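Subject: Structure handover and notes

Dear colleague,

I am handing over the structure below, together with my notes on what was found in it. Please read the notes with the structure open beside you.

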Amino acid sequence: CVHTENCFVPISEIIAVEETEFSKKQHNIGRWHKMAKLHAFAVYYVKKARNHRWRCSDVTFWCVDEHLCNQWIQALKELLEMQKSRPKQLLVYINPYGGKRQGKRIYEQKVAPLFSLASISTDVVITEHANHAKDNLFEVNIYKYDGVVCVGGDGMFSEVMHGLIGRMQKDSGIDQNNPKASLVQCNIRIGIIPAGSTDCICYSTVGISDPVTSALHIIVGDCQPLDVSSVHHNNTFLKYSVSLLGYGFYGDILKDSEKKRWMGPMRYDYSGFKTFLSHHYYEGTIAYQPAKHTHGSPRDKESCRTGCYICKKSEKQLAKQHKECGLKHEEGEEEWKVIKGKFLAINAVNMSCACPRSPKGLSPAAHLADGSADLILVRKCSRFDFLRYLVRHTNQDDQFDFPFVDVYRVKCFQFTSKLSEDNESNVMDIGKKRFGQFCRDHPACCCNIVNSTWNCDGETLDSSAIEVRVHCQLMKLFARGIEENCKDEAAYSHSSVEQLL
């Protein structure tokens with residue numbers, strides 16, 4: 001076979017191989033013109049560009065021997081068939097209303113042609129109302145699919161995640177209302193095609209919010225385990241969370257922005273500025289169990305990257321603890337630490353929560369699959385100091401290097417507002433005592449009873465008193481984590497043994 005360029009492609013990143021017609025425009029070598037017929041095949045592969053962006057590129061090979069050409073096609077297709085992690089049948093949910101209402105167009109124009117090229121069959125469901133996808137996942141035969149794809153924003157992903165995890169627990173007879181239940185791992189991978197107002201989860205697990213890049217990660221069959229936190233109130237299941245649980249500042253932003261959905265994505269900027277100026281603080285009690293099994297800490301400079309060794313070590317250590325001690329030792333009261341105070345923000349993150357505006361995220365060293373969450377407490381401080389803290393999210397400085405900011409790596413925690421009812425907490429009797437009301441910053445203000453709202457992955461929670469538990473690698477994504485940037489993208493190669501063309 002002849003080609004005019006050198007092109008090194010690992011088999012794991014070849015999308016498809018197809019016989020193709022040879023065009024004389026593809027070459028300018030005179031001697032080929034004298035030949036009666038040329039046989040050709042095209043190899044479609046992943047081409048990596050800057051900033052973690054992937055594109056589908058192709059290279060054409062040709063020769064005069066038809067038998068040799070067919071041998072190459074057959075050999076390459078057999079190698080692709082050996083890639084067992086690749087999906088063959090997918091269930092796709094499209095939210096036509098999310099973000100800028102571009103979900104259907106993005107899927108049909110950018111994603112569907114790639115799935116077709118890779119010979120992936122799809123069943124597509126256009127969602128018609130809230131929780132359509134979640135409810136549908138409890139009815140369909142999910143076990144005939146190799147994965148579920150959601151086209152939309154973080155809200156659409158959350159809906160699909162709740163449907164899949166909930167279905168797995170139902171089929172296994174697990175009671176989700178039991179906060180101490182050992183949940184069944186969900187092995188059906190979820191793919192995210194970003195098409196929403198916020199695509200934080202996609203950005204934090206792939207490195208970019210780009211539909212084509214995400215589609216290619218799905219096609220090559222990437223797999224990234226993901227920790228999931230369960231949120232309960234008084235032995236009642238509320239939500240699952242994979243990115244941000246925020247009380248105070250981020251809860252207030254969400255609560256205010258929900259009233260201004262007509263503004264589109266700009267509502268977050270408006271509500272953020274308004275919330276910053278109001279400068280509310282909230283008093284409460286936090287109890288947490290340190291994540292002693294993890295090998296990292298929130299103040300590390302070690303970011304979670306593809307093949308993260310901290311996630312792998314932490315998973316093994318956690319499994320070892322479960323085997324040796326079970327859950328009884330974990331629930332021992334002596335391991336709980338208690339903090340009382342006045343807080344501007346309480347944030348718990350399972351991942352960095354990076355986005356284009358905050359490239360490092362809320363916790364730069366948070367890991368995707370180490371069985372822990374980073375609990376960030378921002379105590380009452382001046383407006384200027386809080387602004388300094390917020391600005392740190394946009395630069396390279398250590399955002400935890402303030403006397404009013406504390407950060408802990410935890411495996412579970414509970415929060416009780418000072419204004420909660422006596423029965424709002426049932427862990428170690430924290431918060432049993434009813435607290436009085438408190439004033440805002442301004443000494444001349446009227447003492448109104450106020451409470452913040454929990455922001456759970458962009459959705460509000462009804463209760464302020466919650467119990468949160470991290471479930472290590474409860475689900476899997478069609479992703480590989482964020483890859484280290486290569487100095488020379490064109491010279492990219494795997495360290496493992498590669499099949500080369």
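Which residues does M475 touch, if those up to four places away in sequence are not counted? Before the reply, please keep in mind that this is a predicted model. The contacts of M475 are F157, M161, I165, C186, I190, Q224, P225, L226, V228 and V242.

M475 also belongs to the largest nonpolar core, which has 67 residues, and together with Y93 and F157 it is one of the three that touch the most other members. Helix α4, residues 154-171, supplies the largest share of this core, with seven residues. Apart from it there is a second, separate core of 26 residues, whose members include I94, A118, V212 and I219.

Among contacts with a separation of 6 or more, 78% are between residues 24 or more positions apart.

On the sheet of β1, β2 and β3:

This is an open sheet of three strands in the order β1-β2-β3, with antiparallel pairing. Its edge strands are β1 (14-20) and β3 (54-63), each of which pairs on one side only, and neighbouring strands are turned by 20 degrees against each other on average, with direction ignored. Between β1 and β2 (residues 39-48) there are six bridges; within this pairing, I14 has Y45 as its bridge partner, and T20 stands opposite A40. Between β2 and β3, which also run antiparallel, there are ten bridges, and here Y44 of β2 has D58 of β3 as its bridge partner. Strand β2 is largely enclosed by the rest of the structure, because eight of its ten residues are buried.

On backbone angles:

The hairpin of β2 and β3 has five residues between the strands, and in it N51 takes a positive phi near 55 degrees. H52, which is found in the loop between β2 and β3, likewise has a positive phi, near 70 degrees, in a residue other than glycine. Is H52 buried or exposed? Its relative accessibility is 17%, so H52 counts as buried. S119 has a positive phi of about 60 degrees although it is not a glycine, and it lies in the loop between α2 and β5 (121-126). S119 counts as exposed, because its relative accessibility is 62%.

On buried polar groups and cysteines:

Helix α7 (residues 249-257) is mostly covered, with eight of its nine residues buried, and D256 is one of those buried residues, as are F249 and Y250. The side chain of D256 is joined to that of S271 by a polar contact of 2.8 Å. S271 has its place in helix α8 (residues 266-278), and it counts as buried, because its relative accessibility is 0%.

How many disulfides does a search of the whole structure find? The search finds zero.

With best wishes

Terms used:
Residues are numbered from 1 along each chain as its sequence is written. This is a predicted model: local features need pLDDT of at least 70, side-chain atom pairs count only at pLDDT 80 or more; totals for chains, interfaces and linings use all residues. Side-chain values use heavy atoms; hydrogens and water are left out. Two strands pair if DSSP finds at least two bridges between them. Helices (H or I, at least four residues) and strands (E, at least two) are DSSP runs, numbered from the N terminus. Axes are lines fitted to C-alpha atoms, for helices over the stretch in contact, and angles run from 0 to 180 degrees between N-to-C directions. A nonpolar core is a set of buried Ala, Val, Leu, Ile, Met, Phe, Trp, Tyr and Cys residues joined through side-chain atoms within 4.5 Å. Buried means under 20% relative accessible area, exposed over 50%, partly exposed in between (1.4 Å probe, protein chains only). Contact means heavy atoms within 4.5 Å. A polar contact is a pair of N or O atoms within 3.5 Å; within protein, one must be able to donate a hydrogen and the other to accept it, and residues adjacent in sequence count only if both atoms are side-chain atoms. A disulfide is a pair of cysteine sulfur atoms within 2.5 Å.
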